[in-house]
Amino acid sequence: MAPEENAGTDLLLQSFERRFLAARTLRSFPWQNLAAKLRDSSDSELLRDILQKTVRHPVCVKHPPSVKYARCFLSELIKKPSGGSVTLSESTAIISHGTTRLVTWDTALYLAEWAIENPAAFINRTVLELGSGASLTGLAICKMCRPRAYIFSNPHSRVLEQLQGNVLLNGLSLEADITANLDSPRVTVAQLDWDVATVHQLPAFQPDVVIAADLLYCPEAIVSLVGVLWRLAACQEYKRAPEVYVAFTVRNLETCQLFTTELGRAGIRWEAEAHHDQKLFPYREHLEMAMLNLTL
């Protein structure tokens with residue numbers, strides 16, 4: 001980068017830092033300058049640097065701004081590389097229409113945060129999300145991490161309806177839409193029942209990356225999840241197996257141990273991803289989050 005470009009970037013970062021620490025109104029931030037910088041530059045670190053100067057600034061870590069201010073700032077920031085904020089329609093009830101997947105759980109925020117910090121894991125790749133919920137994680141990846149294709153999946157018809165609505169609400173097009181923006185990822189909403197899906201059905205997805213959030217809630221779900229992961233590996237005989245990232249809240253150590261035990265029985269190796277030192281999204285402080293990288 002030329003010296004004058006470096007100087008311009010430094011001034012932009014300084015402007016964001018000062019305004020955020022002073023809790024200035026969002027209208028006062030140099031959003032247009034940021035959008036122009038992102039259009040004219042291939043500097044993929046700029047958004048990460050802005051996060052370090054704002055929500056991840058040491059002062060904000062020690063004395064966090066209000067949840068509302070942080071959410072509004074992040075919503076505005078996410079518009080710049082993508083052209084639109086992430087807007088969700090979700091249920092206010094924990095259980096609705098017989099499912100818990102109509103709300104955004106904290107682990108979905110945790111996984112979205114990791115994805116934003118690690119975009120290289122998704123750029124120009126096909127991503128399959130198992131057990132998609134209210135869609136926040138997938139929408140964040142579609143808008144911030146430039147995947148080639150993204151597949152939301154869930155066995156529940158009510159969740160699929162909400163997923164389709166949220167995809168369209170955020171300016172993304174479903175794959176069958178002939179008016180789809182070629183600069184956006186191909187988005188699919190698929191009904192996928194882990195216990196029914198076979199090695200003959202799964203190859204149609206052809207994922208490079210598989211993700212899942214907050215699915216270790218009972219022994220039956222764990223056995224089903226490991227089963228579908230094993231079948232995904234089995235149908236990749238002539239293709240490299242996908243990378244798999246499973247994020248979860250550690251609510252019960254026995255449940256977590258059951259997951260790793262079942263992975264071992266299926267011959268699936270795993271390693272823990274490093275914890276986030278600082279978070280981008282507001283979620284409950286007392287929860288212990290974890291994420292495993294699986295090798296199918």
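How many of the twelve residues of α6 are buried? In this predicted model, twelve of the twelve are buried, so α6 is largely enclosed by the rest of the structure.

**View 1. Helix α6 and its surroundings.** Helix α6 covers residues 106-117. Its twelve residues reach 17 Å from the first C-alpha to the last, close to the 16 Å expected at 1.5 Å a residue.

**View 2. Packing of helix α6 on helix α7.** The axes of α6 and α7 (residues 136-144) lie 8 Å apart, at an angle of about 15°. Because this angle is under 35 degrees, α6 is roughly parallel to α7. The crossing of the two helices is right-handed. On the α6 side, Ala108, Leu109, Leu111, Ala112, Ala115 and Ile116 make the contact; α7 contributes Leu136, Thr137, Ala140, Ile141 and Met144. By class, the contact comprises ten nonpolar residues, one polar residue and no charged residues.

View 3. With a relative accessibility of 2%, leucine 294 counts as buried. Beyond its neighbours within four places in sequence, leucine 294 is in contact with Leu229, Val244, Val246, Phe259, Leu263, Ile268, Arg269 and Trp270. Of these, Val246 is 48 residues away along the chain, with a C-alpha separation of 7.8 Å from leucine 294.

Conventions: Residues are numbered from 1 along each chain as its sequence is written. This is a predicted model: local features need pLDDT of at least 70, side-chain atom pairs count only at pLDDT 80 or more; totals for chains, interfaces and linings use all residues. Side-chain values use heavy atoms; hydrogens and water are left out. Axes are lines fitted to C-alpha atoms, for helices over the stretch in contact, and angles run from 0 to 180 degrees between N-to-C directions. Helices (H or I, at least four residues) and strands (E, at least two) are DSSP runs, numbered from the N terminus. Angles under 35 degrees count as roughly parallel, over 145 as roughly antiparallel, 65 to 115 as roughly perpendicular and the rest as oblique. A crossing is left-handed if the near helix is turned anticlockwise from the far one by less than a right angle, and right-handed if clockwise. Contact means heavy atoms within 4.5 Å. Ala, Val, Leu, Ile, Met, Phe, Trp, Tyr, Cys and Pro count as nonpolar, Asp, Glu, Lys and Arg as charged, and the others, Gly among them, as polar. The expected span of a helix is 1.5 Å times one less than its number of residues. Buried means under 20% relative accessible area, exposed over 50%, partly exposed in between (1.4 Å probe, protein chains only).
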